[in-house]
Amino acid sequence: NQLLPQYDAVINKQENHWATPKEFLITGYGDCEDYVIIKYFSLIKLGFDENKLFLTVVKENYYGQHHMVLSYFDSKQNYPLFLDNLSFKILNLKERKDLQAQTFINSTGVYKLQDGKLVKIAHRSLEYTELLKRIKKEG
């Protein structure tokens, strides 16, 4: 969370660019997706179970803006924990009254949370697939 935030339209001259971890570190700043992506891949490298980590699109309840956080499901019985670049606190979904989870994305697909369970709504995310291709190209 110590790199400077900056919107995609300013950095990349486009609205929605998911930067690779390398691009994010070279640029030195990014938006919420960029923070989530680097945290996601860093935690996987550190040994966290990829199936428990999700790039999560949320709606900010007070302003109606979309935002992205990293969510971690430590068990199927608990609400996911949210790692948010706008907060140094790691809180679970139930404690985050300001956010409403929309979609959860990882290598296994795209999900929605229904009745406390993740339900698959798509086999893959186009943005996530393109991101993986760019990461692979970087070596």
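In this predicted model, helices H3 and H4 pack at an angle of about 65°, and their axes lie 13 Å apart. Two packed helices are described by these two quantities, the angle between their axes and the distance between the axes.

**Helix packing**
- The crossing in which H3 passes H4 is right-handed.
- H3 contributes Ile37, Tyr40 and Phe41 to the contact, while H4 contributes Tyr128, Leu131, Leu132 and Ile135.
- Seven of the residues in the contact of H3 with H4 are nonpolar, none is polar and none is charged.

- In soluble globular proteins, nonpolar side chains tend to be buried together.
- The largest nonpolar core has 17 residues, of which Trp18, Tyr40, Leu55, Leu70 and Tyr128 touch the most other members.
- Two or more residues of this core come from each of helix H3 (32–45), strand S3 (53–60), strand S4 (66–72) and helix H4 (126–138).
- H3 supplies the largest share of this core, namely six residues.
- Beyond its neighbours within four places in sequence, Leu70 is in contact with several residues, including Val36, Tyr40, Leu43, Leu55 and Leu83.
- Another core, of five residues, lies apart from the largest one, and Val69, Phe82, Leu93 and Leu99 are among its members.

**Confidence in the model**
- The protein has a mean pLDDT of 87, and 88% of its residues reach 70 or more.
- Over residues 1–5 the pLDDT stays under 50, and the model has 16 contacts beyond four places in sequence for these residues.

Terms used
Residues numbered from 1 in each chain as written. Predicted model: local features only at pLDDT ≥ 70, side-chain atom pairs only at ≥ 80, totals over all residues. Heavy atoms only, no water. Core = buried A, V, L, I, M, F, W, Y, C linked by side-chain atoms within 4.5 Å. Buried < 20%, exposed > 50% of the residue type's maximum accessible area, 1.4 Å probe, protein only. Helix = DSSP H or I, 4+ residues; strand = E, 2+ residues; numbered from the N terminus. Contact = heavy atoms within 4.5 Å. Axes fitted to C-alpha atoms, helices over the stretch in contact; angles between N-to-C directions. Left-handed = near helix turned anticlockwise from the far one by under 90°. Nonpolar A, V, L, I, M, F, W, Y, C, P; charged D, E, K, R; others polar. pLDDT = per-residue confidence, 0-100.
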